[in-house]
Amino acid sequence: MLPPRSEEDEPGMAQPSPALLRTIRIVDGFSDWSGKAVAWLILPLVFGLAYEGFSRYLFNAPTAWAFDVSYMLYSAIAMLGAHYTLMKGAHIRTDILWDKFTPRTKGRIDTVAYVAFFFPAMALLFYASVDEAWRAWQLNELSEQTAWRPVLWPFKAIVPATAALLMIQGVSELLKSLYAARTGRFIGQVEKIEL
Amino acid sequence: MTGNELLGMLMLVLMLGVIFIGFPISFTLLFLALVFGWVGLGGIVFDLAFFQTIGLMKEQTFAAVPLFIFMGYVVEQAGLMERLFRSFQVMLAPLRGSLYLGVILTATVFAMATGIVGAAVTVLGIMAAPIMIRSGYSPRLSAGAIAAGGTLGVLIPPSVMLIVMGPVINVSVAKLYAAALGPGIMMATLYVVYTLVRSFIDPKLGPAVPKEERAASFVAVIREVLVGMVPLAALIGCTLGTILLGIVTPTEAAAMGAFGALVLAALYGRLTFRGLKAAAYSTTATTSMVLFLAVASNVFGAIFARLGSAGVITNALTGLPVPPVVTLLLVMLLIFLLGWPFEWPAIVLVFIPIFYPVVAAMKYDMLWFGTLVAVNLQTAYLSPPVAMSAYYLKQVVPQWSLATIYKGMAEFMVLQVVALVLLMLFPEIALWFPRWLFDTH
């Protein structure tokens, strides 16, 4: 998806520096890889719960683990996929005005918003959740939901991990916004997901 | 108003301003909620935020969101929609306007196999538009039928929108599904009646399919129907049937449905690693975009309520010197207008929680209200010029001008408004089925 979509290279228009491109490529590559790894959790979610469904209603033999597994896997997909979704540019924006902005304006708005909103919000979310996850690990806290009683810390650690992953991908997004603000050109593409 | 109530109102106004400019909604909500909550409530806001987040993540019903999205992608990747359309096409070919009927029926059945609208408009455009053009169908009516049919996925169960709406308005997802089925089928029927009546009045709009496009023999028709329609119908029947009859939870049904879709794809020889990969990746991005917004708006809503500002809005709206029905109409009009700039996740997760206490205070049936909102939001998919469906359709059918597509969509939007009014006048359209299902069994 890199390098930039330059229709034709106007003279005097700065190309992104190799260091900038490399940073973006590394961060995006990491998010792409890790997000796609998380995506495969859909298969155990399908098979696990389908097994539970058949097992309970056909053979009257419910499993002890299906309930815990279902919310843990779904929330892992939803949360740990958030940075991948950010890289894809798929988090919902209101595009009624956005679509009319020039690349330069978009870059400026995003730069301000990433610095003023995004990073503080993710830092606060990390701060709000990391102690809880840490305590769950130290106390070896167990789930109260089912008789299976799995350890809870991996589930609780999803929240600070989500914040951390989003901050990592945020670095790349901030660099892309800065570049767009300066040059009026985008690096990479965004995807519009149809709901 | 107390200081904190004022703070909450300021937070709401700022939120509206920022998301209108276009920064991603979920991050804006989280930031404003945490900062304003911190100022107004102190450090406890962080415990509240974590508690709300974990609480939502434990909402087992939401596991159905990725599952139904995945099921839809698998069905789409496996080309089941094309087979279905082909079945309807050969079955109905001699009938006037048969391709409209084929498009709308295919879209309706497909809507029952997926949780989102997804690429329905694109897929329908690719497979139906060429034969509609060859058969001399009216571009305007064709475009309208494709766009309108394609949006049914957001309303007809297993709609992901209804899964997300359930906890927001305190109604079980199974009941919402039962209630949405009536209006969904009514909508499809309205589309069918409209296109067929138009075709019968003026045969030029939708002639019978040319002889060379029809099936060779009656046996071929039967074969196509058995192979192309029956397996998918069985899958849908099992998935939706088991939810509605309360045999399994929506989450389990979603998993079994997704599993069934994989099996079907394999049986048709269309289960490839590439397709599976694409389905898994798209599912993750779509799920995350909806459910991360759910997390953020859940935190925002909790802090907004804790600041006391939610109560202020409720009191102001319920205190209006007008009958409740006018307030309800006002709320519906607001949602209709909000459907213009906002996609449904923003409306269901950010705005409905603000209206919910108002509607609840007026003692309206939440099940009915939820269905009204769903039909209302489906209408937004057809409102030019913001509706993306027009652009998707234009991309795959370059022969049709955007103006033609818009005009076609506008005709169907009138049908939507008719349906919405009918549903407001006759709540039974939505309510009889859940009542029959849940009260008598």
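Buried residues make up 51% of the 195 residues in chain A; buried means under 20% relative accessible area, exposed over 50% and partly exposed in between, with a 1.4 Å probe and protein chains only. This is a predicted model, in which local features need pLDDT of at least 70, side-chain atom pairs count only at pLDDT 80 or more, and totals for chains, interfaces and linings use all residues. Residues are numbered from 1 along each chain as its sequence is written, chains are lettered from A and ligands numbered from 1 in the order in which they are written, and side-chain values use heavy atoms, with hydrogens and water left out.

**Chain A overall**

- Chain A has seven helices and zero strands. Helices (H or I, at least four residues) and strands (E, at least two) are DSSP runs, numbered from the N terminus.
- From the N terminus on, the order of elements is α-α-α-α-α-α-α.
- The radius of gyration of chain A is 21 Å, well over the 16 Å that the globule rule gives for 195 residues, so chain A is more spread out than a compact globule. The radius is taken over C-alpha atoms, and the rule is 2.2 Å times the number of residues to the power 0.38.
- Along the principal axes, the C-alpha atoms of chain A fill a box of roughly 70 × 35 × 30 Å.
- Of the contacts in chain A with a separation of 6 or more, 77% join residues 24 or more positions apart. Contact means heavy atoms within 4.5 Å.

**Helix pair in chain B**

- Helix α7 (residues 120–134) of chain B packs against helix α19 (residues 388–396) of chain B at about 30 degrees, with axes 9 Å apart. Axes are lines fitted to C-alpha atoms, for helices over the stretch in contact, and angles run from 0 to 180 degrees between N-to-C directions.
- α7(B) and α19(B) are therefore roughly parallel to each other; the label covers angles under 35 degrees.
- On the α7(B) side, B:V121, B:T122, B:G125 and B:I126 meet B:S389, B:Y392, B:L393 and B:V396 in α19(B).

**Two loop residues in chain B**

- B:A216 sits in the loop between α10 (173–201) and α11 (218–228) of chain B. At 80% relative accessibility, B:A216 counts as exposed.
- B:S159 lies in the loop between α8 (139–150) and α9 (160–169) of chain B. At 0% relative accessibility, B:S159 counts as buried.
- Neighbours within four places in sequence aside, B:S159 is in contact with B:G115, B:G153, B:V154 and B:Y177.

Definitions and conventions
Angles under 35 degrees count as roughly parallel, over 145 as roughly antiparallel, 65 to 115 as roughly perpendicular and the rest as oblique.
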